Amino acid sequence: MLQIAVLVEKGTNSRVLILNRPHVLNALTTPMGHRLAKLYESWANDPVVDFIVLKGNGRAFCAGGDVVRLYRLINEGKIEECKDCFRTFYSFVYLLSTYLKPHVAILDGITMGGGAGISVHGSFRIATDKTVFATPEVLIGLHPDAGASYYLSRLPGCLGEYLGLTGDMLSGEEMLACGLATHYSPNASIPLIEEQLGKLAAKDFSVMETFLTSFGQTANPSERSVLHRMNTLNKCFGHATVEEIVDSLESEAARTKDDWCISTVRKLREAPPLSLKVSLRSIREGRFRTLEQCLDREYRMTLRAISRQISNDFCEGVRARLVDKCFPPKWYPPCLEQVPEDMVDAYFALPDAYEPGLELPSKL
């Protein structure tokens, strides 16, 4: 029996969308992106639909794009299909960010990469004690995308740089504290929230805000949270280059013997050097750009990554970490010192004349 990857349920005044590929943590495929966009566009002016709820089936909200499928398409020479996947979801991210009806994403589980992209840019995000958030793209030779260079760059201090370069995880409590989530409720309360949402009439954002706040709880990050290390984090990740960030962390680790500094250095040393440099620049540029500009730039960068003309790190990362699972990947270049600036610059170059740019809904 063919599984429907995006299910739809009707509430009294709402529509509930359920990402339904639990066996792969609801990883996103191009057909799912097309279906989401078509449904959201059809409901935008539908007077019967007041608001939309988006959630995942199983233990994940969404673990991001199905990069294993993309990896296989690239190896089969089907680059245009890969491009269509990224175009589809980047366009959907922009559609979500400009949507004129309340949008509630229930992040009750793993929320990573593209899964963050299809939720964080919406108006309301409910985190729970089961939420695990991350932007781990750099760990497979890519860069934080789906608008991540926009929202990471707007987090407190240099938290966005830290999350983007290390792929470290945040809890639901931490998401609320840093602004990635708008509300927090225990996992046990989610069924009741969903039941009440099914009866709610909420055309106005203020009505939805009041409703969600009535179920929301305060949530304090644990004592081990990175949010309690912001002074050290800002001191180290505030440097201009990845090399300086690593040097600063190593000096701090040598001075304090702090486990967090030591583990952070290890994470950066294991990550692909080129992706680290590209991602740092992308997040830093995102701080001064609109979401539309960030998505357009991220799309150009992604085309460079999947083309393998500059480096094969994306395919190598997916192969080693997710397909063959034979650590460690062989990155090129193998160390930070061997990454020339022109290699980084190539990721940010304007597209060739024959390569169409990203067409966002505002331009259509």
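## Exercises on a predicted model

The axes of helix α2 (residues 67–75) and helix α3 (residues 79–97) come within 7 Å and cross at roughly 150°. This is a predicted model, in which local features need pLDDT of at least 70, side-chain atom pairs count only at pLDDT 80 or more, and totals for chains, interfaces and linings use all residues. Residues are numbered from 1 along each chain as its sequence is written, and side-chain values use heavy atoms, with hydrogens and water left out.

**Exercise 1.** Describe how α2 and α3 are oriented to each other, and which residues make the contact.

*Step 1.* Axes are lines fitted to C-alpha atoms, for helices over the stretch in contact, and angles run from 0 to 180 degrees between N-to-C directions. Helices (H or I, at least four residues) and strands (E, at least two) are DSSP runs, numbered from the N terminus.

*Step 2.* Angles over 145 degrees count as roughly antiparallel. The two helices, α2 and α3, are therefore roughly antiparallel.

*Step 3.* Leu70, Leu73 and Ile74 of α2 meet Ile79, Glu81, Cys82, Cys85 and Phe86 of α3 (contact: heavy atoms within 4.5 Å).

**Exercise 2.** Give the strand order of the open sheet and name its edge strands.

*Step 1.* The four strands are ordered β4-β6-β8-β9, with mixed pairing; two strands pair if DSSP finds at least two bridges between them.

*Step 2.* β4 (60–62) and β9 (170–171) are the edges, each pairing on one side only.

*Step 3.* Inside this order, β6 (residues 110–112) and β8 (residues 132–134) run parallel and are joined by three bridges. Ile110 stands opposite Val132 in β8.

Key: Angles under 35 degrees count as roughly parallel, over 145 as roughly antiparallel, 65 to 115 as roughly perpendicular and the rest as oblique.
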